[in-house]
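Have a look at the sequence and the fold before reading on.

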Amino acid sequence: MSQREFQHVLLTGGCGFIGTNFVRFFLEQRPDARLTNLDALTYSGNAESLRDLEDEPRYRFVHGNIRDRPTVDALVRECDAVVHMAAESHVDRSIQDASPFISTNIGGTQTILDGVRQAKGDGHDVRMCYVSTDEVYGQLPLDRPDLLFREDTPLAPSSPYAASKAAGDMLCAAYHHTFALDIVTTRCSNNFGPYQFPEKVIPLFVTNLIEGEPVPLYGDGRNVRDWLHVLDHCEAVLRVLEGGASGEVYNVGGNNERSNLELTHEILRCMDQGEEMIRPVADRLGHDLRYAIDAGKIERELGWEPTRSAWPGALEATIDWYRENDQWWRRVKSGAYREYYRSQYGRTK
Ligand code: NAD
Ligand code: TDX
């Protein structure tokens, strides 16, 4: 398909880590377009992260749940594209209790798809980009560095989180096939950068070290992740939304594989801390060994490649952000931010 720019994008989950970065990136990159952010403000959503945009006429925040069909239907009708990234996103929480993951990641995705289907039935075509994850492919072995996930690698999710995201992938494929909805999907590797909830490994380790606490490393630390800067990811999502072929999936990777032990040593080095700050803890149940992405398709077809993800520079800049924005994560860590939205806004715009 040819390149298209959209006038009004509905973003779901815009108060989360990637969403907050996407709102800023999109408004900056598309100065004539508008964005509506639908977010339920779960524990990982933080309206304070976008507080400086409250007077921006091209931005609107709607406090609501993606499972609420009337809200979703009404918002989809106002827009010409949907970027769907609202989700329960933390693997460890899905191991404790899968229920919210099934509800939001599967039921919520169905609600969005039904909203897009309904709009199309009424003559209003809306393009949808579903933001998925490399975790839907399962794990790669540690002794085969030549193996990478490709878009045609079979889905084999291994955590409840990954299974719920893979169900979303399959629903998108089914609605594209059955109802000819215009849907594109991205599957990206681990993101890092500003505004990440400090339950995820990089902000958890960095903020622990700032507080003088040790960092809990799971198992033997040999598990490998591919680290992608969140703004590289936002750029890829916009590229796929505007130029991806309907029904297609695009992998997005940082070309930046590290074992957790390497990651930990790198953070300790950047923060002038010693190995004694590592606290080995019991391994995550079913802990996937390695994720690694072949991002050749998006590079060839859409001309995207990561330009902001290289270490040590991008990691140092991220650590600096958490150092300089300690108010943001201290409130998040204490849970006080949950009261923020009600006290500050008391209503939606
Ligand atoms: P996050 O947990 O930081 O943010 C999720 C946001 O969704 C929050 O603002 C939350 O309030 C909102 N939300 C949750 N349930 C909702 C509901 N029922 N209705 C409306 N809003 C709801 O997650 P993130 O790290 O920003 O991830 C965003 C997306 O990207 C997710 O779909 C995730 O699966 C995917 N992804 C993330 C990564 C990563 O490394 N963070 C990597 C690959 C894919
Ligand atoms: O305390 C910890 N200690 C530790 O060793 C935590 C929280 C994590 N880890 C390890 C587990 C993983 O191998 O660090 C690695 C990264 O863990 P997370 O930050 O929890 O990310 P991961 O499980 O890899 O999933 C992330 O990337 C894919 C996101 O949370 C998902 O939303 C995304 O789909």
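This is a predicted model: local features need pLDDT of at least 70, side-chain atom pairs count only at pLDDT 80 or more; totals for chains, interfaces and linings use all residues.

## How ligand 2 is covered

On its own, ligand 2 exposes 660 Å², and the protein buries 93% of that (areas by Shrake-Rupley with a 1.4 Å probe). Elements giving two or more residues to the shell are α3 (91-96), α6 and β8 (215-218); helices are DSSP runs of H or I with at least four residues, strands runs of E with at least two.

The ligand is surrounded by 21 residues, counted if a heavy atom lies within 4 Å. The closest are Thr133, Glu135, Tyr161, Arg284 and His287. By class, the shell has nine nonpolar, six polar and six charged residues.

## α6 against α11

Helix α6 (residues 201-210) packs on α11 (residues 326-334) at about 100°, axes 12 Å apart. That makes the two roughly perpendicular, a label covering 65 to 115 degrees. Leu204, Thr207, Asn208 and Ile210 of α6 meet Trp329, Arg330 and Lys333 of α11, with contact meaning heavy atoms within 4.5 Å.

## Ground rules

Residues are numbered from 1 along each chain as its sequence is written, with chains lettered from A and ligands numbered from 1 in the order written. Local features need pLDDT of at least 70 and side-chain atom pairs 80 or more, whereas totals for chains, interfaces and linings use all residues, and side-chain values use heavy atoms, leaving out hydrogens and water.

How values were computed. Axes are lines fitted to C-alpha atoms, for helices over the stretch in contact, and angles run from 0 to 180 degrees between N-to-C directions. Angles under 35 degrees count as roughly parallel, over 145 as roughly antiparallel, 65 to 115 as roughly perpendicular and the rest as oblique. Ala, Val, Leu, Ile, Met, Phe, Trp, Tyr, Cys and Pro count as nonpolar, Asp, Glu, Lys and Arg as charged, and the others, Gly among them, as polar.
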